[in-house]
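Welcome, and thanks for taking a look at this one with me. Below are some numbered notes to read alongside the picture.

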Amino acid sequence: MTPEDVGEWLDRWVEDHLAVGSLDPQIAAALCRTQALEAGISDAQLTDAAQGDLATFLAAEQADIQALDGPF
């Protein structure tokens, strides 16, 4: 997979998993990493797509989603 493919996969993963509710960033990272490996994405490729720490990336993405949704 190209870096762009991995980035698109990660974006889809975020939309599919973080848009539906709140997950602990460490749990989300473990789930994402497992599913990425199943899709043929190496840990190094995933880390690159996340620009470093996957849990931190996912926490920031989740915060952005929650900010867009606003309070209910």
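Leaving aside neighbours within four places in sequence, which residues is Val6 in contact with? The first point takes this up.

1. A word before we start: this is a predicted model. With neighbours up to four places away in sequence set aside, Val6 is in contact with Met1, Ile41, Gln45, Leu46 and Ala49. Val6 is found in helix α1, and at 1% relative accessibility it counts as buried.

2. Now for the overall picture. The protein chain has 4 helices and 0 strands, so its pattern along the sequence reads α-α-α-α. Its C-alpha atoms fill a box of roughly 40 × 20 × 20 Å along the principal axes. The radius of gyration is 12 Å, which agrees with the value near 11 Å that a compact globule of 72 residues would have.

3. Of the 72 residues, 26% count as buried. The accessible surface of the protein chain is about 4,500 Å², and 55% of that belongs to carbon and sulfur atoms. Taking contacts between residues at least 6 apart in sequence, 67% join residues at least 24 apart.

4. Glu4 is worth a moment of its own. This residue is found in helix α1 and counts as exposed because its relative accessible area is 53%, where exposed means over 50%. Glu4 and Ala49 are 45 residues apart in sequence, yet 8.3 Å apart in space, C-alpha to C-alpha.

5. Helix α2 can be read in the same manner. Its 14 residues should span 20 Å at 1.5 Å a residue, and its end C-alpha atoms are 20 Å apart, which agrees. Buried in α2 are Ala28, Ala29, Cys32 and Ala36. Their arc around the axis is only 100°, so they sit on the same side of α2. Turned away from that buried side is a face with the exposed residues Gln26, Ile27 and Glu38.

6. What lies in the interior? The largest nonpolar core has 18 residues, and those with the most contacts inside it are Trp9, Leu10, Trp13, Cys32, Leu46, Leu54 and Leu58. The elements giving two or more residues to this core are α1 (3-17), α2 (25-38) and α4 (54-69).

7. Next, please find Ala55, which lies in helix α4. Is Ala55 buried or exposed? Ala55 is buried, because its relative accessible area is 7% and the cut-off for buried is under 20%. Not counting residues up to four places away in sequence, Ala55 touches Pro25, Gln26 and Ala29. Ala55 and Asp24 are 31 residues apart in sequence and 8.8 Å apart in space, C-alpha to C-alpha.

8. Last comes a detail of the backbone. Most residues other than glycine have a negative phi. Gln51 is not a glycine, although its phi is positive, at about 60°. Where is Gln51 found? Gln51 is in the loop between α3 (43-49) and α4. With a relative accessible area of 73%, Gln51 is exposed.

Technical notes: Residues are numbered from 1 along each chain as its sequence is written. This is a predicted model: local features need pLDDT of at least 70, side-chain atom pairs count only at pLDDT 80 or more; totals for chains, interfaces and linings use all residues. Side-chain values use heavy atoms; hydrogens and water are left out. A nonpolar core is a set of buried Ala, Val, Leu, Ile, Met, Phe, Trp, Tyr and Cys residues joined through side-chain atoms within 4.5 Å. Buried means under 20% relative accessible area, exposed over 50%, partly exposed in between (1.4 Å probe, protein chains only). Contact means heavy atoms within 4.5 Å. The radius of gyration is taken over C-alpha atoms; the globule rule is 2.2 Å times the number of residues to the power 0.38. Accessible areas come from the Shrake-Rupley method with a 1.4 Å probe; for residues, only the protein chains shown count as cover. The expected span of a helix is 1.5 Å times one less than its number of residues. The arc is that of the directions from the helix axis to the C-beta atoms.
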